[in-house]
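The sequence and the model are shown first, and the main points follow by topic.

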Amino acid sequence: MFTELISHAGEKAFHIYHECLNIKMSVLRINLRSKAVVSKYLLGNVKCHATAAKPAVKHVEKDERASHSGAKESEAFAMNLFRGNLRGGQVFPYPEVLTEEQSELTAMLVDSMDTFFTEVNDPVLNDDNEQVESKSLEALWELGAFACQIPQEFSGLGLLNTQYARLVEVVGKHDLSVGVMLGAHQSIGFKGILLFGTPEQKAKYLPRAAVGKEYAAFCLTEPSSGSDAGSIKSRAVLSPDKEHYILNGSKIWISNGGIAEIMTVFAQTPVVDPKTGNQRDQVTGFIVERGFGGVTSGPPEKKLGLKSSNTTDIFFEDVKIPVDNVLGGVGEGFKVAMNILNNGRFGMAAAMTGTMRAVTKKAVEHATTRIQFGRRIDSFGTIQEKIAKMSLLHYVAESMAYMISANMDKGSTDFQLEAAISKVFSSEAAWHVCDEAIQIMGGMGYMKDCGLERVLRDVRIFRIFEGTNDILRLFVALTGIQYAGSHLRELQKAFKNPAANLGLIFGEATKRAIRSVGLSSSPSLSPLVHPSLAPSAALASKSFVHFGQTVEGMLVKYGRSVVDQQFLLNRLANAAIDIYTMMAVLSRTTRALQLDLPSAPHEHLMTQTWCQEASQRAAQNLNMISSDQQGDSTGFTYVKAPKNHLFLVSYFATHSDYTYVHLPNSADSGARGVKGSAYPR
Ligand SMILES: Cc1cc2nc3c(=O)[nH]c(=O)nc-3n(C[C@H](O)[C@H](O)[C@H](O)COP(=O)(O)OP(=O)(O)OC[C@H]3O[C@@H](n4cnc5c(N)ncnc54)[C@H](O)[C@@H]3O)c2cc1C
């Protein structure tokens, strides 16, 4: 299959594919609480559910509704994947929300944005000067690029998530540093006001952020608090007259930190528990203006990439914040912060698809003109395979980005797992694609003039900020497990009173009985996909069933301690990513085939290839979980037992000359891999 795909990877196929995409895209409780080992960040995310900024059409689902069994029901595909329960409503058919008029407007805005980037903005100059040129900023304000999703009543463009994603894709294609500036302003900077602001807060701040040329920033990270966001130390206490909160503390690495006038700041506040009367600190979100006084920022950070994006420390010294500027309620700040981040993630996937498209195009242009050994290098299988893989990763990431944005526009509020998956996948895909583009260009790719080294430097951060990919993998696995666990617990409870719960018990018992006698209980995707995709859909369906069984096995085996099994959780998350991506491309390609789009044959091939590869990887990861092998799909086994792992970690920490090598995947792997055979048996 892959050979077939790479034979399409020449200039023509690539051109057709991209042109067509352009056209088309216009369009328990496992009681986690007791486990201190998991950061509060993760736990917070597990509790949080994102909220759509502006549902375009009537709610098509209930966020969470109580099922007959008492456990929460979600309509989201990814959540239900963990229960082995196929809920395809958000996946099939490929969601589309834009009306003709909205599509036309989007196309116009995309054109204007593209023209701005090709004719006004100079990413090289921005990078060299470590700041965005003022003429670029002026033009962006004029275009309304800082106010894409602010409602028109507050002077913004009032765009849907899908429209915003299209614009962000254009930004990602040209200048990620400008993208982070725009994103820090609207994806996270004032997003809290959009999601949680009172009418007064919206009326006061949104027009200023839309057309008043006042930049916004999101201030969460502190020197001792990154992934563990709940551990922030900045503190705000009520003034004696109860008119203000007095804020003290500091933040680090804040995008737009040196230029922002409006800031969403998170700080601990003393909160009295109404039940016990005890006082304890809880995080609260505040809208802080630089003009309040007591707010200073450090010099711009020197960074690997994103050089023209302004990143600074911010210090708060006795800042007087009016009580009216509490955002989302006292003590609710953690939820506010996590919702903002969840809500903004789909934009990152869209930006990454723009980046992948641009760098792949550059690599293809080179490959189709560069002659070596008397031949164009795109005639070599090695180069063809690279381009095929790059196109494939791009197609998958793009399919997810627009599936999620459309679901958000349709009113879904339960998209946090899908958004996290798309962020992890697309940031890693973009890194790989950019790296391979440089490889295809050879020495030329390494030269500054070529422009790819800047993109490689810029793209690296996307695996780190707005939730590191490592944390997001754990978040995906633990949130899903928690959901599945709550349903299993309901089943346990039902057995205590079987007479009253016969329906539930029979349903579950039948599911397990079918499984145990080997009869296929795979949910059939056939009615949902184009007939020619049936074999690929069968692979996805098999992975789906395997996944649900694996989760149940983990719950039974580890119970509450599953939160400590990060080796296993990571592999579970990787399998979840592979399964969701299969669904996204199956759905999108079905649409292409049904509409008989010119790109359909190529999309078809890509989806067949992807399903073959992804299902194999998913099986490998899931088998490793069931067999207790603590390796990964790269074919290496790291360690056999957590005890050994702890030894390796502590050994590594105290022996600076120690070189850790991958342990071969063999039965006695525990004894190898340490320089000088220092590993004790
Ligand atoms: C250019 C740039 C711009 C930024 N902009 C902003 C901004 O605008 N606003 C803002 O608030 N912040 C911002 N940040 C901060 C960013 O969000 C944090 O860097 C990020 O959340 C990670 O935190 P950390 O760097 O402290 O890493 P840490 O949390 O210290 O993590 C270090 C490593 O340990 C891993 N790790 C941590 N905990 C666990 C765990 N429980 N299990 C397994 N692995 C774990 C992480 O995945 C990571 O690999 C920015 C950072 C950069 C570099």
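Helix H12, residues 333-367, has 35 residues and spans 51 Å from its first C-alpha to its last, close to the 51 Å expected at 1.5 Å a residue. The model described here is predicted. Of the 35 residues in H12, 31 are buried, so the helix is mostly covered. In the protein as a whole, 49% of the 681 residues count as buried, and the chain forms 22 helices and 12 strands.

**Helix H12**

- H12 contains a kink of about 30 degrees, and the kink is centred on arginine 345.
- Phenylalanine 334 has its place in H12.
- Phenylalanine 334 counts as buried because it has 25 C-beta neighbours inside 10 Å, and the cut-off for a buried residue is 20 or more.
- Between phenylalanine 334 and valine 283 there are 5.7 Å in space, C-alpha to C-alpha, although the two are 51 residues apart in sequence.

**The nonpolar core**

- The largest nonpolar core of the protein has 176 residues.
- H12 provides the largest share of this core, 18 residues.
- Phe286, Ala576 and Ile579 are the residues with the most contacts inside the core.
- Leaving aside neighbours within four places in sequence, phenylalanine 286 is in contact with Ala236, Tyr245, Leu247, Val265, Ala267, Ile321, Asn325, Val326 and Leu327.
- As a general background, nonpolar side chains tend to be buried together in soluble globular proteins.

**Surroundings of the ligand**

- The ligand has 21 residues around it, and Leu220, Gly226, Ser227, Thr468 and Asp470 come nearest.
- At least two residues of this shell are supplied by each of strand E3 (215-219), strand E5 (244-255) and helix H17 (469-496).
- By type, the residues of the shell divide into 12 nonpolar, 7 polar and 2 charged.

**Helix H14**

- Helix H14, residues 416-441, has 26 residues and reaches 37 Å from its first C-alpha to its last, close to the 38 Å expected at 1.5 Å a residue.
- H14 is mostly covered, with 21 of its 26 residues buried.
- Glycine 442 follows H14 and has a positive phi, near 60 degrees.

**The loop between H16 and H17**

- Isoleucine 461 lies in the loop between H16 and H17.
- With 19 C-beta neighbours inside 10 Å, isoleucine 461 counts as partly exposed.
- Not counting residues up to four places away in sequence, isoleucine 461 touches Gly305 and Leu306.
- The C-alpha atoms of isoleucine 461 and tryptophan 431 are separated by 9.7 Å, and the two residues are 30 residues apart along the chain.
- Glutamate 466 also belongs to the loop between helix H16 (452-459) and H17.
- Glutamate 466 is not a glycine, yet its phi is positive, about 55 degrees.
- Glutamate 466 is buried because 23 other C-beta atoms lie within 10 Å.

**Other backbone features**

- Most residues other than glycine have a negative phi, and most peptide bonds are trans.
- Phenylalanine 373 has a positive phi of about 50 degrees although it is not a glycine.
- The position of phenylalanine 373 is in the loop between strand E11 (371-372) and strand E12 (375-376).
- Phenylalanine 373 counts as exposed because it has 7 C-beta neighbours inside 10 Å, and the cut-off for an exposed residue is 12 or fewer.
- Phenylalanine 92 and proline 93 are joined by a cis peptide bond, with omega about -10 degrees.
- Proline 93 lies in the loop between helix H4 (77-81) and helix H5 (100-119).

**Asparagine 570 in helix H20**

- Asparagine 570 is found in helix H20, residues 566-595.
- This asparagine 570 is partly exposed, with 19 other C-beta atoms within 10 Å.
- Asparagine 570 and leucine 478 are 92 residues apart along the chain, and their C-alpha atoms are separated by 9.9 Å.

Technical notes
Residues are numbered from 1 along each chain as its sequence is written. This is a predicted model: local features need pLDDT of at least 70, side-chain atom pairs count only at pLDDT 80 or more; totals for chains, interfaces and linings use all residues. A residue is near a molecule or strand if its C-beta atom, placed from the backbone, lies within 6 Å of it. Helices (H or I, at least four residues) and strands (E, at least two) are DSSP runs, numbered from the N terminus. Ala, Val, Leu, Ile, Met, Phe, Trp, Tyr, Cys and Pro count as nonpolar, Asp, Glu, Lys and Arg as charged, and the others, Gly among them, as polar. The expected span of a helix is 1.5 Å times one less than its number of residues. The bend at a residue is the angle between axes fitted to the seven residues ending there and the seven starting there. A nonpolar core is a set of buried Ala, Val, Leu, Ile, Met, Phe, Trp, Tyr and Cys residues joined through C-beta atoms within 7 Å. Two residues are in contact if their C-beta atoms, placed from the backbone, lie within 7 Å.
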